[in-house]
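Visitor: I'd like a close look at one part of this model: the pairing of oppositely charged side chains. Please set it in the context of the rest of the chain as you go.

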Amino acid sequence: FLSIALFALCLPLSVQSYRIGDAVGIIIRTNKHKLEAYRHQMPRFGVSTKTKIETQFLIDAAGNDLKLADGIRLARQQQNPHHHKYEDYTQEELLRMSMQFDEGFHHISTIDVYNPSQRPPRNALDTLIIKFVYSASDGSIHSVQQETRYRDFQPNGGGRNTMPKSFTVEYVWIEEADVDLE
């Protein structure tokens, strides 16, 4: 029994091993919801790509919220299937998000997607650049860093500022050289 316990303690944590091009899962947390990214929004291991994330996807997340039980989600859809939360979301509300990658082993800090209380030039997220440092030889992600670029609000016809419909996410992969310990 003691040998089995020692063996179990010596096992490394189970970390996902990726191959080049594999989709890396993302959990997105907003200031109101927790949801999984769609496949086309996910980075591909070792491959630099760009994608768009619709602001409505983050706002209307209640339909995809991981914390909601399926029964509650179904009841909401049956109450009003044509209702979109985006229409009700006030243009004066703060919208924030963070992301977790690789089953939660790596994450980026919380960023403002839309902040109406902040004054120009940093009010609406334009581009989120996520840099992954990885090893192709063992298929692991070593670190994740973020960089944000913001744009000015675009006033609507009534002179009020409007939330952007989407922002760009760039996934940049930097291969870490293998170290020879000889």
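Guide: Happy to, and one definition comes first: a residue is buried under 20% relative accessible area, exposed over 50% and partly exposed in between, using a 1.4 Å probe and counting protein chains only. Residues are numbered from 1 along each chain as its sequence is written, and side-chain values use heavy atoms, without hydrogens and water.

Now to the charged pairs. The structure has four salt bridges, each being a side-chain nitrogen of Lys or Arg within 4 Å of a carboxyl oxygen of Asp or Glu. One of them joins Arg96 to Asp112, with 2.6 Å between the closest N and O atoms. Arg96 sits in strand S4 (residues 95–101) and Asp112 in strand S5 (residues 106–114), so this bridge ties together parts of the chain 16 residues apart; strands here are DSSP runs of E with at least two residues, helices runs of H or I with at least four, both numbered from the N terminus. Asp112 counts as buried because its relative accessible area is 11%, while Arg96, at 35%, is partly exposed.

Another bridge pairs Asp126 with Arg151, and here the closest N and O atoms are 2.9 Å apart. Asp126 lies in strand S6 and Arg151 in strand S7 (residues 140–151), 25 residues apart. Both ends are partly exposed: Asp126 has 27% relative accessibility, and Arg151 has a relative accessible area of 24%.

Arg149 and Glu147 also pair, with their closest N and O atoms at 3.5 Å. Arg149 is partly exposed at 41%, and Glu147 is partly exposed at 32%. Shared partners bring Lys131, Glu147 and Arg149 into one salt-bridge network.

The structure has eight aromatic pairs, where rings of Phe, Tyr and Trp (its six-membered ring) have centres within 6.5 Å, with planes under 30 degrees apart called stacked, over 60 edge-to-face and the rest tilted. Phe45 and Tyr134 make an edge-to-face pair, 5.0 Å centre to centre with 75 degrees between the planes. These two residues are 89 apart, with Phe45 in the loop between strands S2 (34–36) and S3 (49–54) and Tyr134 in strand S6 (residues 124–135). Tyr134 pairs edge-to-face with Trp173 as well, at 5.5 Å and 80 degrees, which links strand S6 to strand S10. Tyr134 is buried at 6% relative accessibility, and Trp173 is buried at 9%.

As for the whole chain, it has four helices and 10 strands, and 37% of its 182 residues are buried. Its mean pLDDT is 77, with 63% of residues at 70 or more. Strand S10 (residues 166–175) has the highest confidence, a mean of 97, and helix H4 (residues 85–88) the lowest, a mean of 45. Where pLDDT is low, the predicted coordinates should not be read in detail.

Technical notes
pLDDT = per-residue confidence, 0-100.
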